[in-house]
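I opened my notebook to record what I looked up in this structure, one topic at a time. The entries below follow the order in which I went through them.

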Amino acid sequence: MSAVFDILASAGLWAAVFRIATPLILGTLGALLCERAGVLNLGIEGIMTFGAMIGWLTVYNGADLWTGFLVAALAGGLFGLLHAGLTVTLGLSQHVAGLGVTLFAASFSYYVFRLAVPVAGTPPTITPFQPIAIPGLSDLPFVGPAFFVQTPPTYVAILLALVLAYLIFRTPLGLAIRMTGENPHAAEAQGINPMAVRYGAVIAGSALMGMAGAFLTLSAFNSFFPTMVQGRGWICIALVVFSSWRPERALLGALLFAFFDGFQLRLQTVLGGAVPYQLFLMIPYVLSIAALALMARRARVPQALMQPYRRGER
Amino acid sequence: MNKPVLDIIRVSKRFGSTLANDDISLSLGKGEIVALLGENGAGKTTLMSILFGHYVPDTGRVLIDGQQLPPGKPRAAIRAGIGMVHQHFALAPNLTVLDNVTTGTESLWSPRSRRLEARTKLMAISQRFGLKVDPDARLGDLSVGEQQRVEILKALYNEARILVLDEPTAVLTQIESERLFTTLKDMAAQGLSLIFISHKLDEVMSAADRVVVLRGGRHVAERRTTETTKAELAELMVGRTVTRPVRAPSTPGERVLEAVGVSVRAGGVDRLKSVDFHLCAGEVLGIIGVSGNGQATLAQLLSGTLAKSGGDIRLFGKEVNRLSVEDAVAAGIGRIPEDRNREGAIGEMTIWENAILERLGSFASRGLVDRKAAIAFAQTIIDQFDVRGGTPTSRTRLLSGGNMQKLILGRNLINRPRILLAAQPARGLDEGAVAAVHERILDARRQGAAVLLISEDLDEVMALADRIQAIVGGRLSPPIGSEEASARRLGLMMAGEWMQEAAHAV
């Protein structure tokens with residue numbers, strides 16, 4: 001028991017929680033934005049992989065880290081454009097199109113990676129983002145090193161969650177996005193172009209997914225390997241439901257999951273001898289399903305989610 | 001008439017091979033209420049969609065205050081002061097009333113929604129026109145009538161001067177409809193101009209100043225309501241004289257169904273409270289009442305989807321404890337459900353599939369459906385019951401409401417059921433289809449079926465039923481013979497007056 005307490009009391013755990021949470025925050029915000037406009041984007045897993053690859057590759061070729069992030073966002077946006085073309089213009093099944101985008105983007109990123117970096121063996125590395133201590137706050141005992149010494153993208157992700165919450169609930173554009181996700185016909189009757197709103201939301205959301213991937217190679221690690229996203233995209237899809245489609249809750253949900261994950265990692269090192277480590281790997285997922293079951297019962301799904309919009313048809 | 005605020009000039013619109021609007025012109029004066037009358041498919045909704053910019057007309061133009069409106073631009077129509085109240089509300093149930101009203105009213109790139117100003121403005125409009133509403137209520141929690149109020153408020157919030165209502169009473173109860181028309185007249189008195197689409201003659205005569213009649217996509221007549229009659233309008237609308245059939249006298253046969261003290265409790269609520277009624281062969285029993293008083297439960301009970309919690313039901317003289325849907329079909333109970341789109345037919349399936357749904361067993365051999373026989377069966381229904389607008393293999397949702405109802409009627413009547421359960425059979429149908437449906441029901445009666453007719457339409461019940469009972473709050477009044485029935489008497493019954501009498505008697 002004291003081992004568990006020691007883990008909880010270590011600033012290292014809490015610093016790790018934010019690091020683990022960052023790609024989840026960005027990815028969940030991206031998926032959430034798409035779904036608020038009525039488009040499920042299962043391309044997330046592949047888009048994150050591509051973002052991780054292209055961000056890393058950009059930096060590897062001499063650009064600075066923020067440029068890497070930007071390129072990852074742009075690439076994500078392009079995949080978003082593809083997904084929007086398939087689901088919004090052509091009105092195809094959002095599940096099938098999304099899985100297609102994921103398979104395509106994941107394979108394509110490996111292909112590009114191999115073309116650009118033909119060496120085998122140990123993957124090449126870059127110098128990733130370094131943690132920045134926030135002056136003043138980081139000097140606080142325990143709280144300082146736990147919360148206020150993070151890499152810049154983590155601060156950006158948290159800020160983005162708040163910005164997106166404001167955008168969705170406090171601006172006319174956010175209302176237009178919500179209306180499009182609830183009833184695109186109603187949006188059109190009020191002079192809003194639901195197609196344009198969906199395109200915009202899917203492209204912007206996919207850009208966030210690209211950034212989520214780039215965090216893995218530019219901040220959490222320093223190299224790229226094809227399987228590194230490891231289902232994080234699917235976790236984000238579940239976190240969107242957990243959050244009831246609210247960005248501020250998405251932030252909390254991502255932190256909660258990251259906490260379970262960080263906790264089990266440390267628990268492995270303490271109790272790893274006695275219990276198979278696979279059991280610990282399960283913990284975050286089991287707890288997530290439990291939390292999801294509790295939260296999702298009250299959630300109000302955007303009514304037009306997964307329904308293609310066609311003008312003049314009801 | 002003073003200077004028109006709206007002029008629709010020689011508009012035509014073609015969809016594939018059908019000419020939905022053929023050279024239609026229409027004008028509307030300030031403070032005027034014009035009814036656009038026509039049967040389903042006459043082109044009313046197409047014309048209004050052109051006005052609102054949902055469709056681009058092939059030829060013709062629309063002028064607002066003499067200024068031409070750019071075609072196909074809803075935004076421009078809104079800005080010019082046209083407000084549209086759709087039949088299927090264009091609202092989002094998960095959002096609040098205020099959100100629904102203010103969507104798209106501010107520049108999308110504005111950094112902040114002006115909620116406070118919006119709320120003040122909404123409340124002012126709500127006060128001015130007597131349209132009470134709670135801006136923070138979730139829309140999905142409101143009644144249909146209240147949702148329509150939000151739809152109207154939305155148009156007014158956009159500063160509409162011309163309000164178009166597409167079949168506004170189709171989803172409303174009688175009382176809500178009356179209240180709506182009072183509001184509309186008040187709006188016209190305050191200088192708004194209104195067009196409402198309808199195929200109901202009563203409301204057209206009572207609410208409109210002027211009527212424009214469309215038929216088959218063409219403008220066939222225009223009358224002031226003070227200078228016309230319901231009969232004339234009906235003829236103009238249908239293109240021929242339509243008379244609803246009236247039942248001939250008959251002597252009822254044996255009692256096929258008898259319910260004594262039957263109660264139904266479902267979802268923790270007493271839906272039916274000790275009701276007594278019986279059905280005789282060759283007779284129509286009308287159940288009249290404002291919808292939501294237990295009609296649905298009564299229909300579900302007899303079609304086998306709900307079980308009774310008390311009382312006795314005797315079917316063909318035999319005690320029935322629990323009726324299943326299969327039993328009901330096997331016993332020859334034909335059913336016309338209240339909501340034909342949800343319970344009557346599956347729109348995405350073909351006509352032949354819908355035709356054989358409840359007798360799949362007789363069209364199956366060795367685990368396979370006998371398509372040929374099924375299609376032939378569907379064709380028989382189509383021929384005998386005059387279902388127009390589809391072949392056995394076309395999708396059922398492509399049928400108009402009236403033709404879908406004829407298909408459902410045909411499916412039930414072709415095997416001569418001994419009992420026919422008809423819940424709101426003519427709701428939402430146009431005059432021609434109503435007459436056809438009534439004719440079929442009377443046919444069934446003539447052939448000896450016992451008919452239970454559930455309706456909230458007084459005219460319908462008085463025309464078809466031999467005996468009438470009112471349903472109020474899950475209770476049934478004692479029956480009265482149709483010769484004793486008058487609109488006034490039935491009105492009192494629907495208000496539950498017999499309950500007080502019964503109380504006095506005890």
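I began with an open sheet of 4 strands in chain B of this predicted model, whose order is β12-β11-β14-β15 with antiparallel pairing. For helices (H or I, at least four residues) and strands (E, at least two) I used DSSP runs, numbered from the N terminus, and I took two strands as paired if DSSP finds at least two bridges between them. The edge strands are β12 (269-280) and β15 (318-320) of chain B, each of which pairs on one side only. Neighbouring strands of this sheet are turned by 25 degrees against each other on average, direction ignored.

I then looked up β11 (residues 255-266) and β14 (residues 310-315) of chain B, which pair in the antiparallel sense over 5 bridges. Here B:Glu258 stands opposite B:Arg314 in β14(B). Helix α9 (residues 295-303) of chain B packs on the sheet and touches β11, β12 and β14 of chain B, where contact means heavy atoms within 4.5 Å. The direction of this helix makes about 60 degrees with that of β12(B); axes are lines fitted to C-alpha atoms, for helices over the stretch in contact, and angles run from 0 to 180 degrees between N-to-C directions.

In one of them B:Asp65 is joined to B:Arg161, with the closest N and O atoms 2.9 Å apart. B:Asp65 lies in the loop between β4 (59-64) and β5 (67-68) of chain B and B:Arg161 in the loop between α5 (144-157) and β7 (162-166) of chain B, so the pair ties together parts that are 96 residues apart in sequence.

Last, I turned to the contact between the chains, which takes 24 residues from chain A and 35 residues from chain B. Across this interface the rule finds 1 salt bridge, in which B:Asp99 meets A:Arg178 with the closest N and O atoms 3.2 Å apart. On the side of chain A that touches chain B, α7 (152-170), α8 (172-182) and α9 (184-189) of chain A each supply at least two residues, and α8(A) gives the most, with 7 residues.

For my own reference, residues are numbered from 1 along each chain as its sequence is written, and chains are lettered from A and ligands numbered from 1 in the order in which they are written. Local features need pLDDT of at least 70, side-chain atom pairs count only at pLDDT 80 or more, and totals for chains, interfaces and linings use all residues, while side-chain values use heavy atoms, with hydrogens and water left out.

How values were computed
Salt bridge = Lys/Arg side-chain N within 4 Å of Asp/Glu carboxyl O.
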